[in-house]
Amino acid sequence: MSWDLLATVLGSVSILTGSVVFLGGAIGLLRFPDLYVRSSAIGAAAGLGLVFVIVGAFLLHPTWEAAPKVVVAAILQFASSAIGAMAIARSGFLSGAAPTSATRYSQIGFATDTPSDSPKGTGDD
């Protein structure tokens, strides 16, 4: 098996995998119950899906000039998608977006009802 054929197959599979990850994130964005879970789903899908697509595109057309750009783009995408998802969730929390009624515990205090056997406070004691 030649390198060109192997790179073409791996590149195509990587792009297809990235597309499936994006589709999963889109479905999660439509189906999940509140802002906090949606931002988590889309942040993970954006980070992982785009890296798969970038690596797949590189494998389909590999050049020495593109290799460092792919590495830098992948690192920046992983970092920025996680930070972006957290920023969206934090802005939702600060603006008063209510979580779904299934959410019962929060380390930052938006849960309205606490179980009677748990101590009061933020957990920093």
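This is a predicted model: local features need pLDDT of at least 70, side-chain atom pairs count only at pLDDT 80 or more; totals for chains, interfaces and linings use all residues.

Trainee: What share of the residues counts as buried, and what does the accessible surface come to?

Mentor: Of the 125 residues, 20% count as buried. The accessible surface amounts to about 8,800 Å², and carbon and sulfur atoms hold 69% of that surface.

Trainee: How should I read the contacts along the sequence?

Mentor: Consider the contacts with a separation of 6 or more: residues 24 or more positions apart account for 71% of them.

Trainee: How are two packed helices described?

Mentor: The description uses the angle between the two axes and the distance between those axes. In this model, helix α1 (residues 3–31) packs with α2 at an angle of about 165 degrees, and their axes are 7 Å apart. Angles over 145 degrees count as roughly antiparallel, and α1 is therefore roughly antiparallel to α2. By class, 19 nonpolar, eleven polar and one charged residues make up the contact of α1 with α2.

Trainee: Is the crossing of α1 and α2 left-handed or right-handed?

Mentor: The crossing in which α1 passes α2 is left-handed.

Trainee: At what angle do α2 and helix α3 pack, and which classes of residue form their contact?

Mentor: Helices α2 and α3 (residues 66–94) pack at an angle of about 170 degrees, with a distance of 9 Å between their axes. These two helices are therefore roughly antiparallel to each other. The contact of α2 with α3 has 19 nonpolar residues, six polar residues and no charged residues.

Trainee: Let us turn to single residues. Where is the place of Gln77, and is Gln77 buried or exposed?

Mentor: Gln77 has its place in helix α3. Buried means under 20% relative accessible area; Gln77 has a relative accessible area of 16% and is therefore buried. Not counting residues up to four places away in sequence, Gln77 touches Ala46, Gly47, Leu50 and Val51.

Trainee: Which residues does Val70 touch, not counting residues up to four places away in sequence?

Mentor: With those residues set aside, Val70 touches Ile54, Val55 and Phe58. Val70 lies in helix α3 and counts as buried because its relative accessibility is 15%. The C-alpha atoms of Val70 and Ile54 are separated by 6.7 Å, while the two residues are 16 residues apart along the chain.

Trainee: Where does Thr100 lie, and why does Thr100 count as partly exposed?

Mentor: Thr100 lies in the segment after α3. Thr100 counts as partly exposed because its relative accessibility is 22%. Leaving aside neighbours within four places in sequence, Thr100 is in contact with Pro33 and Asp34. The C-alpha atoms of Thr100 and Tyr36 are separated by 9.0 Å, and these residues are 64 residues apart along the chain.

Trainee: In which helix is Tyr36 found, and how far apart in space are Tyr36 and Pro99?

Mentor: Tyr36 is found in helix α2 (residues 35–60) and is buried, with a relative accessible area of 15%. From C-alpha to C-alpha, Tyr36 and Pro99 are 7.1 Å apart in space, and they are 63 residues apart in sequence.

Conventions
Residues are numbered from 1 along each chain as its sequence is written. Side-chain values use heavy atoms; hydrogens and water are left out. Helices (H or I, at least four residues) and strands (E, at least two) are DSSP runs, numbered from the N terminus. Buried means under 20% relative accessible area, exposed over 50%, partly exposed in between (1.4 Å probe, protein chains only). Contact means heavy atoms within 4.5 Å. Accessible areas come from the Shrake-Rupley method with a 1.4 Å probe; for residues, only the protein chains shown count as cover. Axes are lines fitted to C-alpha atoms, for helices over the stretch in contact, and angles run from 0 to 180 degrees between N-to-C directions. Angles under 35 degrees count as roughly parallel, over 145 as roughly antiparallel, 65 to 115 as roughly perpendicular and the rest as oblique. A crossing is left-handed if the near helix is turned anticlockwise from the far one by less than a right angle, and right-handed if clockwise. Ala, Val, Leu, Ile, Met, Phe, Trp, Tyr, Cys and Pro count as nonpolar, Asp, Glu, Lys and Arg as charged, and the others, Gly among them, as polar.
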